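Hi everyone, thanks for coming.

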Amino acid sequence: MLTAYRAFCTMAAMKGRVTECLLAEQRRFIVWVPVCLALGIAWYFSLSYEPAALPGVWVPLAVILSGWVLMWRGWLNVWCRLSGGVCASVAAGFMAAWSAGHAHTPMPELPRRATEITAVVRHVSDMQRDGHHIRSVELAEARFDTFYDDGMPPLQRIIRLKLREDDPVVLAAGDQVRVKALLLPPPFPSFPGGRDMQREFWFADVAGTGRALRQTERLGHSSVSLLHEGEAIQVLRVAWSARIRAALPGSAGAVAATLLVGESGSIPSVVREQFAAAGLAHILSVAGLHLGLVMMVLFWLSRFALVLWERAALYWPCKAIAACIALAGGGAYAVITGLHVPVMRSLIMASVAVAGLCLGRRVMSMRGLALAAAILLVWHPEFLLTAAFQMSFMAVMALIAGYEVLGPELSAYRARYVSNNLARIGHRLAGHGMALCITSLLAGLSALPVVMAHFGEIQPYFLIANLIVVPLMAVWIMPWGLVTFVLLPFHLEGLALVPMGWGIKLTMLIARVVASWPAAHLTFPGMPVRGLCLVLLGLCWLCLWRQRWRLLGCLPLCVGLLSSLFVAKPDILISPDGGMVGVRSGSALWLGGQAHDAAWVSRAWRQQLAVSALHSFPQQGEGAGGRLICGEDSGPGVCVLMAHDKAILIDLRSAANSAQLTAAACGGMDVIISAAPLRGNCPDVPVRLDRFTAWRQGAQTIFIGSHTLRVRSGRDAQGKRPWVMAPGGHGLPDLPLAPSE
């Protein structure tokens with residue numbers, strides 16, 4: 001009894017202490033609403049099945065109402081407010097995700113052979129890849145000219161089509177075209193748990209991709225209103241991009257077009273890799289940095305112009321007017337660059353900041369960030385799964401929390417009186433340098449786990465590169481970019497683009513130099529989803545609270561960062577179509593066979609495993625440290641892998657070249673992997689994986705232990721969801737089904 005009483009007293013004391021901490025932090029409860037929304041959204045996407053309407057809408061709605069009632073009735077009790085708010089927010093996130101998932105049309109059945117397509121061009125993009133100029137279009141309202149699609153309604157999803165390099169036709173948004181193309185459905189993940197393109201295509205309203213087999217025929221312009229379809233902005237964006245690249249040719253012009261109008265496809269892949277290795281990849285994607293710089297320049301120019309007028313300076317709220325002008329200019333810049341996720345986040349936060357400035361409230365706050373996150377999560381719940389959303393919000397959250405702690409000390413240092421003029425200049429420069437270092441360090445370190453999880457890489461020199469490039473963007477490149485916008489209507493953009501190009505070329509030089517340093521690009525094994533969730537929750541706990549218990553967030557943060565080191569790596573990988581096999585051997589990956597998207601699949605495997613080298617299966621002889629033997633008893637294309645105490649037979653021959661495997665070849669094998677259908681071959685082998693298995697289950701991984709052998713398939717990881725296509729990538733017929741009798 002005494003022990004139980006002591007335990008009860010200890011628990012009561014702990015509860016009292018936690019209650020005191022919660023009471024001290026109760027003004028911060030509201031900023032946890034988007035975190036709870038994100039938990040509900042993540043819960044929905046983590047399911048292996050699709051919930052019906054009752055658990056998807058009505059149960060969460062009942063939980064939301066119950067949570068509100070609990071908060072209303074127990075408002076004076078901090079635990080009632082906390083539990084009611086958490087339950088309501090999590091249920092709202094789950095319901096928003098379910099509603100968004102069911103708001104899209106089903107995936108259509110695409111023709112499996114070359115077919116004529118009649119459609120309307122929605123978007124045109126140019127890109128440079130490996131020295132080749134690639135032009136692609138997005139087609140809407142597509143119709144297929146086949147006998148079984150005769151009379152089909154236009155597709156409600158778009159098709160992304162790559163045009164031929166020798167296609168001379170000039171296309172613009174709104175053009176009606178006819179083209180013969182070979183279409184492909186959204187691909188299955190390259191490995192179980194990998195990037196799910198089918199889910200991304202589902203929420204982006206994309207039906208599939210393809211490549212044109214002949215030149216495009218332009219039939220005329222669509223009768224649909226440009227403004228109704230939002231194509232007027234796209235036409236203007238493409239025209240301005242062409243004029244910018246004509247006035248500033250080369251890679252500098254491509255970067256300028258990216259910064260000004262969001263057209264990033266023409267940037268050469270070499271330049272992209274250099275920027276990524278230097279930690280400057282965010283420069284090439286229009287985000288909050290660019291919008292903030294544009295609004296900063298507009299704010300100071302507007303305020304300076306208003307102050308020059310005596311009446312305005314004495315009687316008008318010049319600061320609020322300048323902020324509104326900057327917000328209007330920032331909104332126009334966000335629209336012309338495409339309204340990407342980080343830009344939308346920044347625009348919402350800027351709107352809250354301008355409203356606070358006009359009302360005399362705090363401009364930059366955690367509540368403004370929470371409001372922006374909540375709006376985006378309810379509007380597009382699928383954004384939560386993207387790297388852009390996670391990096392953007394983590395970086396801004398770390399900046400706000402960091403300056404809440406370090407801001408007073410930095411302000412005190414800047415306000416320190418220095419009598420000597422030369423020393424005063426150095427003091428101011430040191431203050432700006434410290435602020436820039438703190439900003440780059442906070443933003444870079446907070447986004448680093450997301451980069452590790454999604455891209456499997458680390459850029460150690462990001463701080464050095466950003467210390468030079470970010471001020472260059474602020475004082476030279478973006479101001480000249482604004483001048484370019486002013487001169488574009490008069491066709492005088494070259495006057496501003498030339499000096500802007502000087503700054504861009506210096507930025508490219510810095511990226512090239514930093515990328516050439518030793519260990520500038522480090523690979524990192526793929527982080528599991530649970531590890532990333534722990535990292536993000538740890539960062540939120542560390543940044544959103546103000547009391548000392550915020551330091552407890554370091555525990556899940558460290559566990560999440562180290563989680564990839566304790567996750568078992570597969571020994572064998574099989575591509576989604578079953579045609580390519582990968583064998584992991586130490587820090588190398590051995591590849592054999594052919595897959596439809598071999599380059600994309602092998603790149604995803606290499607990133608996930610963080611291997612340093614790729615090798616091909618030997619035609620005859622040994623590989624993978626002597627564990628892989630090819631071309632012996634069963635001839636070329638047949639290999640035997642010895643792993644632990646297991647023997648694996650790998651038949652890389654295609655269906656046209658495959659031959660009957662003999663009983664001697666199959667004898668003693670624990671696993672057989674075949675790029676062709678096995679049918680009746682090797683019936684006594686315990687584990688048989690062939691092309692039919694890949695057709696049904698998608699990509700597969702095999703984990704081999706001392707006494708265990710485990711196979712995981714892509715369909716097991718995806719589950720049964722609306723965006724997961726039927727085996728073979730089949731969708732619903734384009735024609736309506738006959739009514740049932």
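Let's begin at H491, which sits in the loop between helix 17 (462–487) and helix 18 (494–515); helices here are DSSP runs of H or I with at least four residues, strands are runs of E with at least two, and both are numbered from the N terminus. This is a predicted model, where local features need pLDDT of at least 70 and side-chain atom pairs count only at pLDDT 80 or more, while totals for chains, interfaces and linings use all residues. Residues are numbered from 1 along each chain as its sequence is written, and side-chain values use heavy atoms, with hydrogens and water left out.

Back to H491: its phi is near 60°, a positive value in a residue other than glycine. H491 is exposed, at 57% relative accessible area. For us, exposed means over 50%, buried means under 20%, and partly exposed is in between, using a 1.4 Å probe and protein chains only.

Now look at A624, which is not a glycine and has a positive phi of about 55°. Is A624 buried or exposed? It is buried, with a relative accessible area of 2%. You'll find A624 in the loop between strand 13 (621–623) and strand 14 (628–630).

Next, salt bridges. We count one when a side-chain nitrogen of Lys or Arg is within 4 Å of a carboxyl oxygen of Asp or Glu. How many salt bridges does a search of the whole structure find? The search gives 15. One joins R160 and E138, at 3.7 Å from N to O. R160 is in strand 3 (residues 158–162) and E138 in strand 2 (residues 132–144), so this pair ties together parts 22 residues apart in sequence. R160 counts as partly exposed at 33%, whereas E138 counts as buried at 18%.

Another salt bridge links R546 with E404, at 3.8 Å from N to O. R546 lies in the loop between helix 19 and helix 20 (554–562), and E404 in helix 15 (residues 387–414), so here the parts tied together are 142 residues apart in sequence. Through shared partners, salt bridges join R28, E404 and R546 into one network.

Helix 4 gives the largest share of the lining, 7 residues. The lining divides into 23 nonpolar, 5 polar and 2 charged residues. Nonpolar covers Ala, Val, Leu, Ile, Met, Phe, Trp, Tyr, Cys and Pro; charged covers Asp, Glu, Lys and Arg; the others, Gly among them, are polar.

One last stop: please find L54, in helix 3. L54 is exposed, with a relative accessible area of 55%. Together with W58, V59, L61, V63 and L65, L54 forms a nonpolar surface patch.

Definitions and conventions:
Patch = residues over 30% accessible without salt bridge, like charges linked within 9 Å, V, L, I, M, F, W, Y side chains within 5 Å. Areas by Shrake-Rupley, 256 points an atom, 1.4 Å probe, with all protein chains shown as cover.
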